[in-house]
Amino acid sequence: MQLKDTNLFKSIDIGNNVQLSHRVVHLPTSRSRSTDDGENFPTDLMVEYYDSRSKVEGALIIFESSLVSPRSGLMPYKSGVWSIDQCKALKQITDKIHANGSYVSCQIFAPGRTSNIHLLKKRGLPFLAPSPIYHSSDQAKAAKGLDYPLQELTIKQIRDIQQDFVTAAVNCLKVASFDFIELHGTSGFLIEQFLSPVSNVRTDEYGGSVENRCRFLKEIIEMFIKHPEIGSAKFGVRLSAWSTHWGMIYPSDKYPVDETFPPFLYCEHMMLFLEKLKQAGNEIAYISIQEPRVAGSHDQNPSGRTNTSLLSVWSGIVVRAGGYATNYKGDPSCIASNNPNLEIVDGQIRHYSSLIRDVNADNRTLIGFSRPFTSNPDLIERLRTNKKLDLYHREFFYTHEAEGYLTFGEYVDDKLYSNTLKLPRKALHRPGRSLAANGHNSTH
């Protein structure tokens with residue numbers, strides 16, 4: 001079966017009557033091309049990148065993780081959405097996507113304990129997390145060296161940051177013209193820091209039981225639903241039971257991968273909560289869930305791990321992601337040998353067999369791609385026409401220049417790579433005021 005004959009290329013409605021023409025989703029792919037000057041603005045490079053990846057009408061693009069506020073944590077090379085001016089700049093990206101007839105969601109997050117300590121100290125901002133537990137020994141040494149220790153969030157600070165999520169969401173929808181918001185509940189950032197017993201040892205109403213650790217996220221979701229400028233149909237949630245990013249490591253001797261596995265339990269709790277909201281008439285736009293083969297930007301062994309029971313408790317739209325692209329040019333060994341999505345029969349690779357199985361299993365599943373989009377701006381068309389893919393270049397994932405970001409072109413043939421634009425390595429082109437209004441301090 002060709003992909004063009006599957007549900008992948010059938011239309012589907014999400015949210016309030018947003019009709020997608022197919023079910024290929026560009027996942028939030030952080031590439032560190034925003035500014036690093038503490039003002040967290042997008043750049044011209046990003047306008048061209050998202051324009052080229054949204055050319056097929058009716059696509060859903062999920063824009064990379066964006067910071068909700070300075071007090072909830074800072075990272076360089078990430079766009080911010082706490083000010084009107086940042087969102088006016090981002091609107092030039094969403095305008096391009098909309099001009100192509102496609103739709104865009106903005107993934108919003110707070111770093112918490114993953115914040116850049118130097119930036120926080122420079123701006124006099126506290127270094128905060130659910131509990132004062134560093135994500136690594138190196139980070140603990142850095143904090144000690146700077147005399148800037150990690151502090152436990154107070155209840156007031158929790159309330160303030162929850163409100164920052166609301167403000168950021170309204171800014172995204174009303175100023176930047178995003179169609180949806182995505183709450184980032186994985187990758188070791190603040191929401192997952194509350195969810196996980198690895199990073200949350202609080203003894204108040206935000207710690208201890210699974211229900212208490214989920215409270216921070218559940219309260220934000222309820223605030224979104226009640227807000228007159230947001231509402232349930234305007235946002236999605238991203239979850240993962242298998243993330244190992246930013247110190248979310250569960251030693252097997254303490255946390256066996258079974259029905260008691262903590263990330264599985266809090267994902268299940270959140271999906272049951274969202275299903276109850278759906279049954280009560282407050283269905284969110286989608287849940288994005290990571291398959292067990294992927295952890296952050298790297299692969300991991302998925303043996304004994306599955307999302308099957310998690311998916312059974314949620315009846316709404318789901319974006320499934322992780323290892324679905326297999327038909328790359330060159331030696332098939334470039335595909336991780338532990339990829340369960342790579343089916344080999346009689347020595348022949350049956351590309352996309354698990355993608356076809358999953359997308360055809362029901363009429364609610366979208367399939368997300370991240371790394372393949374970085375090297376294939378025309379990925380959607382290549383999937384539709386069964387063309388081979390250019391392999392992504394991991395060494396350029398988090399650099400700050402055009403090279404490895406805008407150097408990939410459209411399909412040439414099944415042997416030649418199509419990175420036809422040979423741009424020199426040079427400093428990141430900053431937009432000045434081309435993407436930003438004057439002043440950066442106003443807040444919606």
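Okay, let's start with Asn40, which is buried at a relative accessible area of 2%. Buried here means under 20% relative accessible area, with exposed over 50% and partly exposed in between (1.4 Å probe, protein chains only). Before I go on: this is a predicted model, where local features need pLDDT of at least 70 and side-chain atom pairs count only at pLDDT 80 or more, while totals for chains, interfaces and linings use all residues. Residues are numbered from 1 along each chain as its sequence is written, and side-chain values use heavy atoms, with hydrogens and water left out.

Back to Asn40. You'll find Asn40 in the loop that runs between strand E3 (24-26) and helix H1 (44-52). Those labels are DSSP runs numbered from the N terminus: helices are H or I with at least four residues, strands are E with at least two.

Tyr352 is another non-glycine with a positive phi, this time about 65 degrees. Tyr352 sits in the loop between strand E15 (348-350) and helix H11 (353-359). Is Tyr352 buried or exposed? Tyr352 is buried, with 3% relative accessibility.

Now let me zoom out. The protein has 13 helices and 16 strands. Of its 444 residues, 59% are buried. Take the contacts (heavy atoms within 4.5 Å) between residues at least 6 apart in sequence: 73% of them join residues at least 24 apart.

Two residues bring that down to the local level. Leu8 lies in the segment before strand E1 (12-14), and its relative accessible area is 0%, so Leu8 is buried. Going from Leu8 to His22 takes 14 residues in sequence, but C-alpha to C-alpha the two are 5.8 Å apart. What else does Leu8 touch, once you set aside residues up to four places away in sequence? Leu3, His22, Arg23, Val24, Leu355, Val359 and Ile367.

The other one is Pro377, in the loop between helix H12 (371-375) and helix H13 (379-385). Pro377 is buried too, at 9% relative accessibility. Beyond neighbours within four places in sequence, Pro377 contacts Ser52, Arg53, Phe408 and Gly409.

On to the helix pairs. The axes are lines fitted to C-alpha atoms over the stretch in contact, and angles run from 0 to 180 degrees between N-to-C directions.

First up, H1 against helix H2 (residues 84-99): their axes are 9 Å apart, at an angle of about 20 degrees. That is why H1 is called roughly parallel to H2; angles under 35 degrees count as roughly parallel, over 145 as roughly antiparallel, 65 to 115 as roughly perpendicular and the rest as oblique. H1 brings Met46, Val47, Tyr50 and Asp51, and H2 brings Gln92, Ile93, Lys96 and Ile97. By type, that contact has five nonpolar, one polar and two charged residues. For the record, Ala, Val, Leu, Ile, Met, Phe, Trp, Tyr, Cys and Pro count as nonpolar, Asp, Glu, Lys and Arg as charged, and the others, Gly among them, as polar.

Next, helix H5 (residues 155-174) and helix H8 (residues 215-226), with axes 10 Å apart and an angle of about 40 degrees. H5 and H8 are therefore oblique. On the H5 side we have Ile158, Arg159, Ile161, Gln162, Gln163, Phe165, Val166 and Ala169, facing Arg215, Phe216, Glu219, Ile220, Met223 and Phe224 of H8. The breakdown for H5 with H8 is nine nonpolar, two polar and three charged.

H8 also packs with helix H9 (residues 262-279): their axes come within 11 Å and cross at roughly 20 degrees. So H8 and H9 are roughly parallel. Here H8 contributes Leu217, Lys218, Ile221, Glu222 and Ile225, while H9 contributes His269, Met270, Phe273, Leu274 and Leu277.
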